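Please look over the sequence and the structure shown here before reading on.

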Amino acid sequence: MLTENCTRSAVLFNSKKRILEYIAELAQQQLPEITEYSILEALMAREKLGSTGIGGGIAIPHGKLSSVVKPILVFVVSKEPIAFDAVDNQPVDIFCGILIPEDQCQTHLSTLSSLAKLLSQKELTKQIRNAETNQQLYQLLIDYCEANAE
């Protein structure tokens, strides 16, 4: 689900809305048939139900769209943490955006669960935060997932 084009390290934004816009922008590059606005609307609609900030400086903004054919993952690390209404009231610097086809509820739930488990690894999140380039971050995530594949 993750591509190097959708992996960004050390970005600098100052608001929840702007980081969600950036995630939508990156996702739209992988989904040319869907407008950036539609993607942003799906992410914002989910945030209105409750923050996707899971604590520990991590958020997993996600949305379902009928026009998405295959799941898309966007991984963004902010240079400075952003206020995101997370469950622990702490700012967020690791954002893992997910877009899932509307009819794939089980894929949606299993992807969220896998990401939450992955991002609960303290050593991994430390390395994620220290990645200096997009390529370094992408390679770190790919290597970690391959090494821990079941």
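This is a predicted model: local features need pLDDT of at least 70, side-chain atom pairs count only at pLDDT 80 or more; totals for chains, interfaces and linings use all residues.

## Overall fold

The protein chain is made up of 5 helices and 6 strands. In sequence order these elements give the pattern β-α-α-β-β-β-β-β-α-α-α. The radius of gyration is 14 Å, close to the 15 Å that the globule rule gives for 150 residues, so the chain is as compact as a globular protein of that length.

Along its principal axes, the C-alpha atoms of the chain fill a box of roughly 35 × 35 × 25 Å. Buried residues make up 46% of the 150 in the chain. Among contacts with a separation of 6 or more, 67% are between residues 24 or more positions apart.

In soluble globular proteins, nonpolar side chains tend to be buried together. In this model, the largest nonpolar core has 28 residues, and those with the most contacts inside it are I19, I23, I39, V74, V76, F95 and L99. At least two residues of this core come from each of strand 1 (2-11), helix 1 (16-30), helix 2 (36-49), strand 5 (72-82) and strand 6 (92-101). Helix 1 gives the most, with 7 residues.

A second, separate core has 21 residues, including L2, I98, A131 and L137. Returning to the largest core, I39 is one of its residues with the most contacts. Apart from neighbours within four places in sequence, I39 is in contact with A24, A27, Q28, L31, I34, L65 and L99.

## The cavity

How many cavities of 30 Å³ or more does the structure hold? There is 1, and the space in the largest cavity is about 30 Å³. Its lining consists of I23, A27, I39, L43, I72, V74, G97, I98 and L99.

By class, the lining has 8 nonpolar residues, 1 polar residue and no charged residues. Helix 1, helix 2, strand 5 and strand 6 each supply at least two of the lining residues. The largest share, 3 residues, comes from strand 6. I23, I39, V74 and L99 are among the lining residues, and these four are also among the residues with the most contacts inside the largest core.

L137 lies in helix 5 (residues 134-147). It counts as buried because its relative accessibility is 0%, under the 20% limit. Not counting residues up to four places away in sequence, L137 touches T7, R8, S9, F75, V77, I128 and A131. L137 and A131 are both among the members of the second core. From L137 to G63 the separation is 74 residues in sequence and 23 Å in space, C-alpha to C-alpha.

T125 is placed in helix 4 (residues 122-130). With a relative accessibility of 6%, T125 also counts as buried. Leaving out residues up to four places away in sequence, T125 touches I58, I94 and L119.

## An exposed loop residue

Is N14 buried or exposed? The relative accessible area of N14 is 71%, so this residue is exposed, the limit being over 50%. N14 sits in the loop between strand 1 and helix 1. In sequence, N14 and A83 are 69 residues apart, and their C-alpha atoms are 8.1 Å apart in space.

Definitions and conventions. Residues are numbered from 1 along each chain as its sequence is written. Side-chain values use heavy atoms; hydrogens and water are left out. A nonpolar core is a set of buried Ala, Val, Leu, Ile, Met, Phe, Trp, Tyr and Cys residues joined through side-chain atoms within 4.5 Å. Buried means under 20% relative accessible area, exposed over 50%, partly exposed in between (1.4 Å probe, protein chains only). Helices (H or I, at least four residues) and strands (E, at least two) are DSSP runs, numbered from the N terminus. Contact means heavy atoms within 4.5 Å. On a 1 Å grid over the protein atoms alone, a cavity is a set of points where a 1.4 Å probe fits but cannot get out, and a pocket is an open set with protein on both sides within 12 Å along at least five of seven lines; lining residues have an atom within 4 Å of a point. Grid points are joined across faces, edges and corners, and a volume is the space filled by probe spheres set on the points. Ala, Val, Leu, Ile, Met, Phe, Trp, Tyr, Cys and Pro count as nonpolar, Asp, Glu, Lys and Arg as charged, and the others, Gly among them, as polar. The radius of gyration is taken over C-alpha atoms; the globule rule is 2.2 Å times the number of residues to the power 0.38.
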